[in-house]
Amino acid sequence: MTQTPQEVLKASAPSTQPVISLCEGSDPRIVAGALAAQKAGLAHIILVGDAETVRAELANQGGSENDAMQIHDPLTSELTESFAAEYHALRKHKGVDEDKALKAVQTPVVYAAMLVRLGHATGTVGGAVLTTGDIVRSAIQVIGMAPDAAMVSSFFLMYPPEGAPEGARAMLYSDCGLVIDPSPNELSEIAKASAKSCKALLQTDPKIAFLSFSTMGSARHAAVTKVTEGMALFKEAAPDIEADGELQFDAAFVPSVGARKAPDSAVAGNANVMIFPNLDAGNIGYKITQRVGGYTAIGPVMQGLAKPANDLSRGCSAEDVTQMIAVTVLQTQTS
């Protein structure tokens, strides 16, 4: 079975541990997940928030400040003034004056992203309390997009449960968190980014399925055409990566169904990257896989940023936090 991000990191044992900033440093799940990540040797941690509150929660869980577990309070940090100047330079074209810039970087989510932008941290994680919009907005505005990225999208890592039926495998589902109704070009861009993410995080070659309610022309509709056009654009841009579509999920996932519905496809029945046609399908699909299929869902993980920044579900557990820290560390090693 494919290793989880945490298992991959333990096996690779990076010589220099990266620094991950956590913008919700007083949340008990964040602190517990951070302590577990520190204990496992995954990363050094910066907990961002009100220093007194963060310190109390850290002590409550048996932790303490040290070189590998720092606390930064944006209201008192010696870095805040320089962060405000940088933020003002970034956002003054949007009407952000110096006072607004200072107020912005005094919020933990912007401060944590600025730690990454200016090299004090190598990645950031948030979303246990804040919304996806809060996390994504600060990441795009502060960290910015990667030079080779046309857009920012997201994915979930899906891991099968113990005792899963034969053929169950780790997969990458995209986009289930950000892009509501991607165009054909955006579907192609999502697939390109997801192929890189698959290679980095699942440690295997991507086999990409462009999903639809139709398989290889079994139905005609504008929604199907969008998927086939996206797949064609992807194949033109990345001819060496195995991809096919349009495919229904069963044709993409089950070898016997894939062989029957798409006998000439090398991807059908063996796909490990599922590209959903819209956010409705992606969000519903990953939650059914998680809740009914028993898969573990890690994400949404963002792709297309200059440096890693990731979002948590507000229903996350401490273990989810640790796994997302591991994902973020892996992204720092491959970005």
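Is M216 buried, exposed or partly exposed? I looked this up at the outset and found M216 partly exposed, because its relative accessible area of 38% falls between the cut-offs of 20% and 50%. I note here that the model is predicted.

**Entry: backbone at M216 and Q203**

I placed M216 in the loop between β7 and α9. I then read its phi: M216 has a positive value of about 50° although it is not a glycine. I found a second case at Q203, a residue other than glycine whose phi is near 55°. Q203 sits in the loop between α8 and β7 (207-211). With a relative accessibility of 51%, Q203 counts as exposed. I recorded these residues because most residues other than glycine have a negative phi, and most peptide bonds are trans.

**Entry: cis peptide bonds**

I looked up omega for the bond from S174 to D175 and found it cis, near -10°. D175 belongs to the loop between β6 (171-174) and α8. I also noted a cis bond from G245 to E246, with omega near 10°. E246 is located in strand β8 (residues 242-247).

**Entry: packing of α8 and α9**

I examined helix α8 (residues 184-201) against helix α9 (residues 222-237) and found an angle of about 50° between them, with the axes 7 Å apart. The two helices are therefore oblique to each other. I recorded the crossing of α8 past α9 as right-handed. On the α8 side, the contact is made by P184, N185, L187, S188, A191 and K192. On the α9 side, I listed K226, V227, E229, G230, L233, F234 and A237. I sorted the residues of this contact into 7 nonpolar, 3 polar and 3 charged.

**Entry: aromatic pairs**

I counted 6 aromatic pairs in the model. For F249 and F253, the ring centres are 5.5 Å apart and the planes lie at 25°, so I logged this pair as stacked. F249 and F253 are 4 residues apart in helix α10 (residues 249-253), and therefore about one helical turn separates them. I found F249 partly exposed because its relative accessibility is 32%, whereas F253 is buried at 18%. I also noted that Y173, F249, F253 and F276 form one aromatic cluster.

**Entry: K92**

I located K92 in the loop between α4 (80-91) and α5 (98-105). K92 is exposed, with a relative accessible area of 53%. I checked K92 against S154 and found them 62 residues apart in sequence and 28 Å apart in space, C-alpha to C-alpha.

Conventions: Residues are numbered from 1 along each chain as its sequence is written. This is a predicted model: local features need pLDDT of at least 70, side-chain atom pairs count only at pLDDT 80 or more; totals for chains, interfaces and linings use all residues. Side-chain values use heavy atoms; hydrogens and water are left out. Axes are lines fitted to C-alpha atoms, for helices over the stretch in contact, and angles run from 0 to 180 degrees between N-to-C directions. Angles under 35 degrees count as roughly parallel, over 145 as roughly antiparallel, 65 to 115 as roughly perpendicular and the rest as oblique. A crossing is left-handed if the near helix is turned anticlockwise from the far one by less than a right angle, and right-handed if clockwise. Contact means heavy atoms within 4.5 Å. Ala, Val, Leu, Ile, Met, Phe, Trp, Tyr, Cys and Pro count as nonpolar, Asp, Glu, Lys and Arg as charged, and the others, Gly among them, as polar. Rings of Phe, Tyr and Trp (its six-membered ring) pair if their centres lie within 6.5 Å; planes under 30 degrees apart count as stacked, over 60 as edge-to-face and the rest as tilted. Buried means under 20% relative accessible area, exposed over 50%, partly exposed in between (1.4 Å probe, protein chains only).
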